[in-house]
Amino acid sequence: MSRKKTVKGKSSTSSPTAAASKSKENGKPGESISTPEITSNGTVHPSRPSLSNSSEFYDLAFKVMLVGDSGVGKTCLLVRFKDGAFLAGSFISTVGIDFRNKVLNIDGMKVKLQIWDTAGQERFRSVTHAYYRDAHALLLLYDVTNKTSFDNIQAWLTEIHEYTQQDVVLMLLGNKDFGVPFMETSAKSGLNVELAFTAVAKELKHRSMKDPNEPKFKLQDYVNKEMQTSGCCHS
Ligand SMILES: Nc1nc2c(ncn2[C@@H]2O[C@H](COP(=O)(O)OP(=O)(O)OP(=O)(O)O)[C@@H](O)[C@H]2O)c(=O)[nH]1
Ligand SMILES: [Mg+2]
(Lines give C-alpha, C1' and ligand atoms only; values in the text may rest on other atoms or scores of the structure.)
(Ligands and ions follow the chains in the order given, each with its own letter.)
Protein backbone atom coordinates (compact mmCIF):
# COMPACT_ATOMS: atom_id res chain seq x y z
CA MET A 1 0.00 0.00 0.00
CA SER A 2 1.42 3.37 -0.92
CA ARG A 3 1.74 6.09 1.60
CA LYS A 4 -0.46 9.02 0.63
CA LYS A 5 0.48 12.62 1.32
CA THR A 6 -2.97 13.99 1.74
CA VAL A 7 -5.82 13.19 4.02
CA LYS A 8 -8.52 11.49 2.09
CA GLY A 9 -12.17 11.91 2.82
CA LYS A 10 -14.23 9.40 4.65
CA SER A 11 -14.68 6.00 3.16
CA SER A 12 -17.22 6.04 0.39
CA THR A 13 -18.85 3.06 1.98
CA SER A 14 -21.38 3.86 4.64
CA SER A 15 -19.31 3.10 7.68
CA PRO A 16 -21.26 2.18 10.75
CA THR A 17 -18.51 3.93 12.63
CA ALA A 18 -18.34 7.05 10.55
CA ALA A 19 -21.10 8.72 12.49
CA ALA A 20 -18.89 8.78 15.54
CA SER A 21 -17.99 12.27 16.60
CA LYS A 22 -15.21 12.13 19.17
CA SER A 23 -12.46 9.66 19.75
CA LYS A 24 -11.65 7.13 22.36
CA GLU A 25 -9.14 4.32 22.75
CA ASN A 26 -11.71 1.60 23.19
CA GLY A 27 -15.40 1.74 22.79
CA LYS A 28 -18.71 0.41 21.65
CA PRO A 29 -20.90 1.64 18.88
CA GLY A 30 -22.91 4.54 20.12
CA GLU A 31 -20.02 5.70 22.23
CA SER A 32 -17.52 8.20 20.90
CA ILE A 33 -14.93 6.44 18.81
CA SER A 34 -11.89 7.30 16.71
CA THR A 35 -12.78 5.90 13.32
CA PRO A 36 -13.74 8.55 10.79
CA GLU A 37 -10.18 9.32 9.73
CA ILE A 38 -9.67 5.83 8.34
CA THR A 39 -10.34 5.67 4.61
CA SER A 40 -11.49 2.68 2.63
CA ASN A 41 -7.91 1.74 1.84
CA GLY A 42 -6.59 2.52 5.28
CA THR A 43 -4.61 5.58 4.28
CA VAL A 44 -4.29 8.47 6.66
CA HIS A 45 -2.13 11.54 6.80
CA PRO A 46 1.52 10.60 7.42
CA SER A 47 2.38 10.72 11.10
CA ARG A 48 -0.92 12.28 11.85
CA PRO A 49 -1.64 12.01 15.56
CA SER A 50 -4.42 9.59 16.26
CA LEU A 51 -7.40 11.37 17.71
CA SER A 52 -7.44 8.81 20.46
CA ASN A 53 -6.59 9.48 24.09
CA SER A 54 -3.32 7.63 23.69
CA SER A 55 -2.24 10.40 21.25
CA GLU A 56 -0.07 7.88 19.41
CA PHE A 57 1.14 8.83 15.97
CA TYR A 58 0.57 6.58 13.00
CA ASP A 59 0.98 6.54 9.22
CA LEU A 60 -1.67 4.05 8.23
CA ALA A 61 -4.80 2.78 9.89
CA PHE A 62 -6.90 -0.29 9.22
CA LYS A 63 -10.01 -1.94 10.57
CA VAL A 64 -9.67 -5.57 11.55
CA MET A 65 -12.56 -7.75 12.74
CA LEU A 66 -12.49 -10.84 14.91
CA VAL A 67 -15.28 -13.26 14.02
CA GLY A 68 -16.18 -16.86 14.82
CA ASP A 69 -18.44 -18.92 17.05
CA SER A 70 -19.17 -17.86 20.60
CA GLY A 71 -16.53 -19.13 23.00
CA VAL A 72 -13.71 -19.67 20.50
CA GLY A 73 -11.63 -17.00 22.25
CA LYS A 74 -11.96 -13.81 20.21
CA THR A 75 -12.08 -11.50 23.23
CA CYS A 76 -9.24 -13.35 24.95
CA LEU A 77 -7.11 -13.15 21.81
CA LEU A 78 -7.64 -9.42 21.57
CA VAL A 79 -6.86 -8.87 25.26
CA ARG A 80 -3.72 -10.98 24.88
CA PHE A 81 -2.64 -8.93 21.85
CA LYS A 82 -3.47 -5.58 23.37
CA ASP A 83 -2.52 -6.09 27.01
CA GLY A 84 -0.33 -9.19 26.92
CA ALA A 85 -2.53 -10.98 29.44
CA PHE A 86 -4.87 -13.95 29.50
CA LEU A 87 -8.43 -13.29 30.60
CA ALA A 88 -8.81 -16.08 33.12
CA GLY A 89 -11.97 -16.82 35.06
CA SER A 90 -15.50 -17.38 33.96
CA PHE A 91 -16.52 -16.82 30.35
CA ILE A 92 -18.31 -13.53 29.74
CA SER A 93 -19.81 -13.63 26.29
CA THR A 94 -19.47 -10.42 24.28
CA VAL A 95 -22.66 -8.46 23.74
CA GLY A 96 -22.81 -6.76 20.33
CA ILE A 97 -19.45 -5.37 19.29
CA ASP A 98 -16.47 -3.60 20.84
CA PHE A 99 -13.08 -2.39 19.67
CA ARG A 100 -9.52 -1.77 20.82
CA ASN A 101 -6.75 0.14 19.04
CA LYS A 102 -3.16 -0.92 18.76
CA VAL A 103 -0.34 0.76 16.84
CA LEU A 104 2.33 -1.53 15.40
CA ASN A 105 5.68 -0.70 13.90
CA ILE A 106 5.68 -2.43 10.51
CA ASP A 107 8.87 -2.01 8.49
CA GLY A 108 9.44 1.43 9.94
CA MET A 109 5.87 2.65 9.55
CA LYS A 110 3.35 3.09 12.32
CA VAL A 111 0.31 1.02 11.47
CA LYS A 112 -2.74 1.45 13.62
CA LEU A 113 -5.10 -1.49 13.84
CA GLN A 114 -8.58 -0.78 15.05
CA ILE A 115 -9.65 -4.25 16.09
CA TRP A 116 -13.35 -5.00 16.36
CA ASP A 117 -14.32 -7.81 18.69
CA THR A 118 -17.68 -9.20 17.63
CA ALA A 119 -20.19 -11.31 19.52
CA GLY A 120 -20.22 -14.87 18.25
CA GLN A 121 -23.75 -15.54 19.40
CA GLU A 122 -26.28 -15.95 16.58
CA ARG A 123 -28.63 -13.29 17.95
CA PHE A 124 -26.04 -10.56 17.34
CA ARG A 125 -25.27 -11.61 13.78
CA SER A 126 -27.28 -8.84 12.09
CA VAL A 127 -25.51 -6.22 14.22
CA THR A 128 -22.06 -7.45 13.29
CA HIS A 129 -22.87 -7.86 9.59
CA ALA A 130 -23.21 -4.08 9.39
CA TYR A 131 -19.52 -3.73 10.23
CA TYR A 132 -18.15 -6.25 7.71
CA ARG A 133 -18.24 -3.90 4.76
CA ASP A 134 -15.66 -1.44 6.13
CA ALA A 135 -13.31 -4.11 7.41
CA HIS A 136 -9.89 -4.29 5.78
CA ALA A 137 -9.13 -7.66 7.36
CA LEU A 138 -10.98 -10.42 9.16
CA LEU A 139 -9.55 -12.94 11.57
CA LEU A 140 -11.86 -15.95 11.61
CA LEU A 141 -11.33 -18.01 14.73
CA TYR A 142 -12.25 -21.57 15.61
CA ASP A 143 -11.49 -23.46 18.78
CA VAL A 144 -9.21 -26.45 18.13
CA THR A 145 -10.84 -28.24 21.09
CA ASN A 146 -14.38 -27.70 19.76
CA LYS A 147 -15.33 -29.59 16.60
CA THR A 148 -18.55 -27.65 16.06
CA SER A 149 -16.65 -24.38 15.86
CA PHE A 150 -14.50 -25.93 13.12
CA ASP A 151 -17.53 -27.36 11.27
CA ASN A 152 -19.05 -23.88 11.24
CA ILE A 153 -16.11 -22.33 9.38
CA GLN A 154 -17.75 -22.93 6.00
CA ALA A 155 -20.88 -21.05 7.11
CA TRP A 156 -18.71 -18.20 8.41
CA LEU A 157 -16.85 -18.02 5.11
CA THR A 158 -20.13 -17.84 3.20
CA GLU A 159 -21.25 -14.93 5.38
CA ILE A 160 -17.89 -13.22 5.08
CA HIS A 161 -17.94 -13.42 1.29
CA GLU A 162 -21.46 -12.07 1.25
CA TYR A 163 -20.86 -9.03 3.46
CA THR A 164 -17.20 -8.00 3.13
CA GLN A 165 -15.29 -6.15 0.42
CA GLN A 166 -13.90 -8.49 -2.20
CA ASP A 167 -10.28 -7.76 -1.37
CA VAL A 168 -10.62 -8.19 2.38
CA VAL A 169 -7.63 -9.87 3.99
CA LEU A 170 -8.74 -13.11 5.60
CA MET A 171 -6.93 -15.30 8.12
CA LEU A 172 -8.17 -18.47 9.79
CA LEU A 173 -6.95 -18.95 13.35
CA GLY A 174 -7.18 -22.18 15.32
CA ASN A 175 -7.23 -20.99 18.93
CA LYS A 176 -6.75 -22.80 22.27
CA ASP A 177 -4.73 -25.96 22.85
CA PHE A 178 -4.90 -29.44 24.30
CA GLY A 179 -1.83 -28.94 26.45
CA VAL A 180 0.32 -30.91 23.99
CA PRO A 181 2.77 -29.54 21.44
CA PHE A 182 0.93 -28.54 18.29
CA MET A 183 1.67 -27.49 14.75
CA GLU A 184 -0.06 -27.67 11.42
CA THR A 185 1.39 -29.65 8.52
CA SER A 186 0.67 -30.14 4.85
CA ALA A 187 1.79 -33.34 3.14
CA LYS A 188 0.92 -31.59 -0.13
CA SER A 189 3.05 -28.45 0.22
CA GLY A 190 5.56 -29.87 2.66
CA LEU A 191 4.63 -27.28 5.29
CA ASN A 192 6.27 -28.10 8.62
CA VAL A 193 6.86 -31.74 7.69
CA GLU A 194 10.62 -31.71 8.32
CA LEU A 195 10.14 -29.69 11.46
CA ALA A 196 7.53 -32.04 12.98
CA PHE A 197 9.78 -35.09 12.69
CA THR A 198 12.94 -33.23 13.64
CA ALA A 199 11.30 -31.79 16.75
CA VAL A 200 10.14 -35.22 17.91
CA ALA A 201 13.57 -36.71 17.18
CA LYS A 202 15.20 -33.94 19.24
CA GLU A 203 12.83 -34.58 22.15
CA LEU A 204 13.59 -38.33 22.02
CA LYS A 205 17.33 -37.73 21.82
CA HIS A 206 17.28 -35.34 24.78
CA ARG A 207 15.29 -37.81 26.88
CA SER A 208 17.59 -40.69 26.09
CA MET A 209 20.74 -38.71 26.83
CA LYS A 210 19.44 -37.55 30.22
CA ASP A 211 22.37 -35.18 30.57
CA PRO A 212 21.77 -33.20 33.79
CA ASN A 213 23.98 -30.39 32.52
CA GLU A 214 21.86 -29.79 29.44
CA PRO A 215 18.82 -27.55 29.82
CA LYS A 216 15.51 -29.40 29.41
CA PHE A 217 14.39 -29.52 25.81
CA LYS A 218 11.01 -27.83 25.31
CA LEU A 219 9.45 -29.21 22.16
CA GLN A 220 6.86 -26.48 21.61
CA ASP A 221 9.38 -23.71 22.25
CA TYR A 222 11.71 -25.29 19.70
CA VAL A 223 8.93 -25.55 17.11
CA ASN A 224 7.82 -21.97 17.67
CA LYS A 225 11.38 -20.69 17.41
CA GLU A 226 12.10 -22.66 14.25
CA MET A 227 8.91 -21.44 12.61
CA GLN A 228 9.82 -17.85 13.44
CA THR A 229 13.41 -17.98 12.32
CA SER A 230 13.03 -20.02 9.14
CA GLY A 231 10.02 -18.10 7.87
CA CYS A 232 8.45 -21.52 7.92
CA CYS A 233 9.05 -24.87 6.90
CA HIS A 234 8.55 -26.29 3.49
CA SER A 235 10.79 -29.25 2.91
N1 LIG B 1 -7.34 -22.88 27.42
C2 LIG B 1 -7.66 -21.81 26.71
N3 LIG B 1 -8.83 -21.20 26.97
C4 LIG B 1 -9.14 -20.12 26.23
C5 LIG B 1 -8.29 -19.63 25.21
N6 LIG B 1 -8.88 -18.55 24.65
C7 LIG B 1 -10.04 -18.39 25.30
N8 LIG B 1 -10.21 -19.32 26.24
C9 LIG B 1 -11.38 -19.47 27.14
O10 LIG B 1 -12.52 -19.66 26.31
C11 LIG B 1 -13.64 -18.98 26.86
C12 LIG B 1 -14.24 -18.06 25.82
O13 LIG B 1 -13.32 -17.04 25.50
P14 LIG B 1 -13.81 -15.64 24.88
O15 LIG B 1 -12.59 -14.94 24.38
O16 LIG B 1 -14.64 -14.88 25.83
O17 LIG B 1 -14.71 -16.15 23.67
P18 LIG B 1 -15.39 -15.28 22.50
O19 LIG B 1 -15.01 -15.90 21.20
O20 LIG B 1 -15.04 -13.86 22.67
O21 LIG B 1 -16.94 -15.54 22.76
P22 LIG B 1 -18.17 -14.56 22.38
O23 LIG B 1 -17.86 -13.22 22.96
O24 LIG B 1 -19.39 -15.19 22.99
O25 LIG B 1 -18.28 -14.54 20.90
C26 LIG B 1 -13.15 -18.25 28.11
O27 LIG B 1 -13.52 -19.03 29.25
C28 LIG B 1 -11.66 -18.22 27.95
O29 LIG B 1 -10.99 -18.22 29.18
C30 LIG B 1 -7.04 -20.32 24.96
O31 LIG B 1 -6.23 -19.99 24.09
N32 LIG B 1 -6.79 -21.40 25.75
MG1 LIG C 1 -16.12 -12.22 23.16
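The exercises below work through a predicted model of a protein chain with a ligand. Local features need pLDDT of at least 70, side-chain atom pairs count only at pLDDT 80 or more, and totals for chains, interfaces and linings use all residues. Residues are numbered from 1 along each chain as its sequence is written, and chains are lettered from A and ligands numbered from 1 in the order in which they are written.

**Exercise 1.** Describe the hairpin of strand 4 and strand 5.

Step 1. Take strands as DSSP runs of E with at least two residues, and helices as runs of H or I with at least four, numbered from the N terminus.

Step 2. Strands pair if DSSP finds at least two bridges between them.

Step 3. Between the strands lie 2 residues, and Asp-107 in the turn has a positive phi of about 50°.

**Exercise 2.** Find which residues surround ligand 1.

Step 1. Count residues whose C-beta atom, placed from the backbone, lies within 6 Å of the ligand. There are 17, with Ser-70, Gly-73, Ser-93, Thr-94 and Gly-120 the closest.

Step 2. Ask which element gives the most: helix 1 (residues 74-83), with 3 residues.

**Exercise 3.** List the contacts of Leu-66.

Step 1. Contact requires C-beta atoms, placed from the backbone, within 7 Å.

Step 2. Leave out residues up to four places away in sequence; Leu-66 then touches Lys-74, Leu-77, Leu-78, Ile-115, Trp-116, Asp-117, Thr-118, Leu-139 and Leu-141.

Conventions:
Two residues are in contact if their C-beta atoms, placed from the backbone, lie within 7 Å.
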